[in-house]
Amino acid sequence: MELKEQTTDCTQGRNLMELGISPSTASLGNKNGFPTWTIGDLIDLLPNVIDASTADKKHYKQRINQRYGGTWDVIYQKRGIGYDYLVCISSKKLIDSLYECLVWLNKNGYMDIGDGIYKKK
């Protein structure tokens, strides 16, 4: 995997800053004036668990996997057996799936409540 496939591009970097993500969470220097996040940085920013706060007390656990053919999925799946997903983001590049998942969380009103758990605002 080439380095450019392991880091955010300028547009993604700008968008992450606009979402309120601190540039101090990016482990690499600036690329054209914008911080550069790595795959590891984005994984660290994503919650381990999302508390959907519904009547049935659903909690969704993070899962990252590569499917046959190379597509990367970032999934938040209900604990237990089955395919009860809150969200499933897929892309050919892992960095893009991670980035899109952060954008989705923000646009859908989820916020960090500590200990790697996100909850709807």
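## Surroundings of Leu-46

Leaving out neighbours within four places in sequence, Leu-46 is in contact (heavy atoms within 4.5 Å) with Gln-62, Val-74, Tyr-76, Leu-98, Cys-101, Leu-102 and Leu-105. The model is a predicted one, in which local features need pLDDT of at least 70 and side-chain atom pairs count only at pLDDT 80 or more, while totals for chains, interfaces and linings use all residues. Residues are numbered from 1 along each chain as its sequence is written, and side-chain values use heavy atoms, with hydrogens and water left out.

## Nonpolar core

Leu-46, together with Leu-16, Leu-42, Tyr-76 and Leu-98, touches the most other members of the largest nonpolar core, which has 24 residues; such a core is a set of buried Ala, Val, Leu, Ile, Met, Phe, Trp, Tyr and Cys residues joined through side-chain atoms within 4.5 Å. At least two residues of this core come from each of α2 (39–45), β5 (72–78), β6 (85–91) and α3 (94–107), and α3 gives the most, with eight residues.

## Cysteines

The structure holds zero disulfides (pairs of cysteine sulfur atoms within 2.5 Å). For Cys-101, the nearest cysteine sulfur is that of Cys-88, 9.2 Å away. Cys-101 has 0% relative accessibility and therefore counts as buried, a term that means under 20% relative accessible area with a 1.4 Å probe, protein chains only.

## Overall fold

Three helices and eight strands make up the secondary structure, where helices (H or I, at least four residues) and strands (E, at least two) are DSSP runs. From the N terminus, their order is α-β-β-α-β-β-β-β-α-β-β. Of the 121 residues in the protein, 39% are buried.

Key:
Buried < 20%, exposed > 50% of the residue type's maximum accessible area, 1.4 Å probe, protein only.
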